[in-house]
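Colleague: I would like a close look at one part of this model. Please keep it brisk and give the cut-offs.

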Amino acid sequence: MTVPLWPELRQAAHRVDELVAKLPEPGARGPEERAGLAAAKDTARALRTRYLRTHADAVYDHLTSGGADELRIAELVGAAADAFPALLPTAGQLAADRARRQADKEGYEIDQGIFLRAVLGSPRSGPHLLDAMLRPTPRALRLLPEFTRTGVLETTSVRMERRDGAAYLTMCRDDCLNAEDEQQVDDMETAVDLALLDPEVRVGVVRGGPMSHPRHRGRRVFSAGINLKSLHAGAISLVGFLLRRELGYLHKLVRGVRTDTAPWHTPTVEKPWVAAVETFAIGGGTQLLLVFDHVLAASDAWLSLPAAREGIVPGAANFRLGRHTGPRISRQVILQGRRIRATEPDARLLIDEVVEPEEMDTAVAGAVARLGGPAVVPNRRMLGGAEEPVEEFRRYMAEFALQQALRLYGEDVIGKVGRFAGRGA
């Protein structure tokens, strides 16, 4: 280890571990026990924050062999926990928390948030980590030969078919209105990687499939956002869902996938993307729309970002929404839960075309045709660089890593997701 941990940090971390070992399970602790443990955790977290202000780059260099190794976020926090055991939670601690409901967890992910804020906040280490997250996943690389041969992908959450130079990606979690969980994030990143890597694909299309849910049976639904039942059950993680989603497939929709087979004049392979919204796009569904080149919506569809109601941060929507709508509307939507219907005037700031539901197939075909030209990709690259500079995105995601971790364990969030999960989708 080239960067020794401070003795006081080791002692503070050890003190937290001692208390956790002595105390009852989180749900059975009394007020005094909870307060004492919270004070000990705060002491350790303050020391971690101070330590990483000075040593984040040295720690990152140690973990990545001076930048020679490209580690995705999950690999990075795992390696850091092994090399710096007082800095991040161990695999065993995370596994124990993973088995608990959100209300009964120790909150070890907050320590991951502290670490990732420091790494992403570094002008040297942060860009390297962002680039690592733009690499295709091992799963996508395994599936690529079969997809290029057949043009078909079938996963639990996503179906994708290549037709006439376009990849049609259908979100098909029909039981839960395409509410996102970690499985769907994995399937979406796999599909986005394959569409970007397949040389026969020129344009990608994302659409919700027909639902079996009793309230919307037979109707196409774009997305109900984060799966609150999974969050209540403790199955939505900071690293595996919230950060992987933003830095993985959503960021790839914006900037493309980094591959050694990319042309010499660009480090990424990128393509234009079309979204077709039917029924509604709630929360993460609306977040998705902010990264598309062309958004279609059925005339009876609506959008929302109920962040204040759920108590969490709506991904990178705080970063992107105001760039589309201006600050007043973004505050109404994010802070006050305003819904925007496809036919109202303000929707034109988020939606390119509004069509009758029965005309959606024709509208999708028209958008694909318009975005298939050879000059589209270089122009979208220039537009993206001007509209969403990567350094601004990196700084936003650094703060998001910690703020979202803290929100996951807020008492208001735990209470709300419990009530939502009890009511169902």
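Which residues of helix 3 (residues 73–83) are buried, and what do they pack against?

Modeller: First, the ground rules. This is a predicted model, in which local features need pLDDT of at least 70, side-chain atom pairs count only at pLDDT 80 or more, and totals for chains, interfaces and linings use all residues. Residues are numbered from 1 along each chain as its sequence is written, and side-chain values use heavy atoms, with hydrogens and water left out.

Now helix 3. Its buried residues are Ile73, Leu76, Val77, Ala80, Ala81 and Ala83. Buried means under 20% relative accessible area, with exposed over 50% and partly exposed in between (1.4 Å probe, protein chains only). Helices are DSSP runs of H or I with at least four residues, strands are E runs of at least two, and both are numbered from the N terminus.

The packing partners of these buried residues are helix 2, helix 5 (109–121), helix 6 (125–133) and helix 10 (238–255). Contact here means heavy atoms within 4.5 Å.

Next, the core. The largest nonpolar core holds 68 residues. Such a core is a set of buried Ala, Val, Leu, Ile, Met, Phe, Trp, Tyr and Cys residues joined through side-chain atoms within 4.5 Å. Leu76 and Phe115 are among the members that touch the most others, as are Tyr51, Phe84, Leu87, Leu116 and Leu129. Helix 2 (residues 31–63) gives this core its largest share, 10 residues. A second, separate core has 49 residues, including Ala195, Leu289, Ala297 and Leu350.

Finally, the whole chain. The protein chain has 18 helices and 12 strands. Buried residues make up 57% of its 425 residues. Of the contacts with a separation of 6 or more, 74% join residues 24 or more positions apart. The C-alpha trace spans about 65 × 50 × 40 Å along its principal axes. The radius of gyration is 22 Å, which agrees with the value near 22 Å for a compact globule of 425 residues. That radius is taken over C-alpha atoms, and the globule rule is 2.2 Å times the number of residues to the power 0.38.
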